[in-house]
Amino acid sequence: SKVPHITLNNDVAMPQLGYGVWQVPDDEAATAVGHALEAGYRSIDTAAIYGNEEGTGKALAASGIARDELFVTTKLWNDEQGYDATLRAFDTSLGKLGLEYVDLYLIHWPMPAKDTYVDTYRAFEKIYAEGRAKAIGVSNFQPAHLERLMGETSVVPAVNQVELHPQLQQSELRAFHARHGIATEAWSPLGQGKDLLKNTTVTGLAEKYGRTPAQIVLRWHLQLGNVVIPKSVTPSRIKENIDVFGFELDDADLSALAALDSGTRLGPDPDTMNG
Ligand code: NAD
C-alpha cells in the first residue's frame with residue numbers, strides 16, 4: 001500500500017499513518033472506520049475509554065481485510081491499572097474488538113501519583129509473551145516515567161504515543177525516544193483541527209504546494225519520522241488525510257514549521273493527570 005511502515009524495536013511493522021477514533025460514538029464507529037478502511041487506512045487507534053471498540057471491531061470484520069494486513073491499537077484505561085485488573089481489562093477489550101490479538105497495546109496515561117504503571121506493564125509483558133499483543137508500549141509517558149519503567153521491566157516499550165503537533169513539538173522527548181529505540185506516535189497530530197490549521201505559515205505552505213493545511217501538517221510529521229493518527233468522521237477529510245505521499249516539504253519549509261513550537265498543550269499534563 002502507499003502508506004510506508006516503520007519497524008518497531010521488536011521488528012513488527014507499523015503503518016506510519018493510521019486512523020484515530022477518539023470521540024467517535026460506538027454506533028458511528030463502524031461507519032467511520034469503514035470509510036477509513038475503504039480509503040486505504042490499515043492502522044486503527046482506539047482505546048477502552050473511547051467506548052467504541054465494538055463498533056471498530058464490526059468495521060474490521062465487515063471489511064473482509066485479512067487480519068495480518070490490519071494494525072489495531074487499543075489502550076488500557078487509568079482505573080484498570082494494576083497487574084490483575086490489566087489482565088481482565090485486556091480480555092474485555094479483545095472481546096469487544098472481536099479479535100484474537102491486538103497489534104499494539106498501550107498504557108493510556110502513566111498516572112504517576114497512583115504508582116501502578118510498573119505492575120501494569122508487567123501484565124503487558126505477560127500478554128506480549130502470550131502473543132496476544134504483537135507489541136506493547138505506553139502513551140503520555142515523560143522521560144522520567146520511561147526511565148523508571150525500563151529500569152524495572154525487560155521489554156522496552158515499542159511506542160510512546162504523545163500529544164505532538166507543530167505547536168508542541170516535543171523535541172526533548174523525541175530525542176529520548178530515538179536514543180532508546182522507542183517509536184514516537186503523535187496524538188492530536190492536527191492540533192485538533194483548531195488554530196494550527198489557520199496559522200499563516202501552514203496556510204502559506206498549503207498554497208505553495210496546492211495542498212490543504214491538514215496535509216501540510218501531516219507531511220511535517222511524516223518527514224520528522226513520527227507515526228500519525230489523524231481523526232475525522234468526514235469521508236472527504238478521511239481521504240484527504242491519507243493523500244499525503246505525493247509531495248515533500250523542503251528544508252526551508254521544515255524550518256518555518258519548526259518556528260511554530262510554543263509548547264502549548266491541548267490535553268492534560270501527564271505529570272499531573274490523575275483522573
Ligand atoms: P486531530 O489532531 O487528529 O484533529 C481531529 C479534528 O481535526 C477533527 O475532529 C476535525 O475537526 C479536524 N480535522 C480532521 N481532518 C481535517 C482536515 N483534513 N481538514 C480540516 N480539519 C480536519 O485530533 P485528535 O482526534 O485529538 O487526535 C487524533 C487521535 O489521536 C484520536 O482520535 C485518538 O485516536 C488519539 N488520541 C490519543 C490520546 C492519548 O491520550 N493517547 C489523546 C487524544 C487523542
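**Close-up views of a predicted model**

View 1. Eight strands form an open sheet with parallel pairing, in the order S3-S4-S5-S6-S7-S8-S9-S10, where strands (E, at least two residues) and helices (H or I, at least four residues) are DSSP runs numbered from the N terminus, and two strands pair if DSSP finds at least two bridges between them. Strand S3 (19–20) and strand S10 (227–228) stand at the edges, each with a single partner strand, so one side of each has no neighbour in the sheet. This is a predicted model, in which local features need pLDDT of at least 70 and side-chain atom pairs count only at pLDDT 80 or more, while totals for chains, interfaces and linings use all residues. Residues are numbered from 1 along each chain as its sequence is written.

**View 2. Strands S8 and S9.** Strand S8 (residues 159–163) runs parallel to strand S9 (residues 183–187), and five bridges join them. Glu163 has Trp187 in S9 as its bridge partner.

**View 3. Tyr50, listed in a UniProt record.** The unreviewed UniProt entry lists Tyr50 for "active site", an annotation of a kind that may be inferred rather than shown by experiment. Tyr50 is found in the loop between strand S4 (43–45) and helix H2 (53–63). With 22 other C-beta atoms within 10 Å, Tyr50 is buried (buried: 20 or more other C-beta atoms within 10 Å of its own, with C-beta atoms placed from the backbone). Not counting residues up to four places away in sequence, Tyr50 touches Val21 and Trp22, contact being C-beta atoms, placed from the backbone, within 7 Å.

**View 4. The shell around the ligand.** Among the 26 residues around the ligand, Gly20, Trp22, Leu190, Gly193 and Lys231 come nearest, a residue being near if its C-beta atom, placed from the backbone, lies within 6 Å. Helix H9 (residues 235–242) gives the most to this shell, with three residues.

**View 5. The largest nonpolar core.** This core has 71 residues, of which Val21, Val33, Leu104, Tyr105, Val159 and Val217 touch the most other members; such a core is a set of buried Ala, Val, Leu, Ile, Met, Phe, Trp, Tyr and Cys residues joined through C-beta atoms within 7 Å. Helix H1 (residues 26–39) supplies the largest share of the core, six residues. Leaving aside neighbours within four places in sequence, Val217 is in contact with His165, Pro166, Pro189, Leu190, Leu196 and Val202.

Conventions: Buried ≥ 20, exposed ≤ 12 C-beta atoms within 10 Å, placed from the backbone. Contact = placed C-beta atoms within 7 Å.
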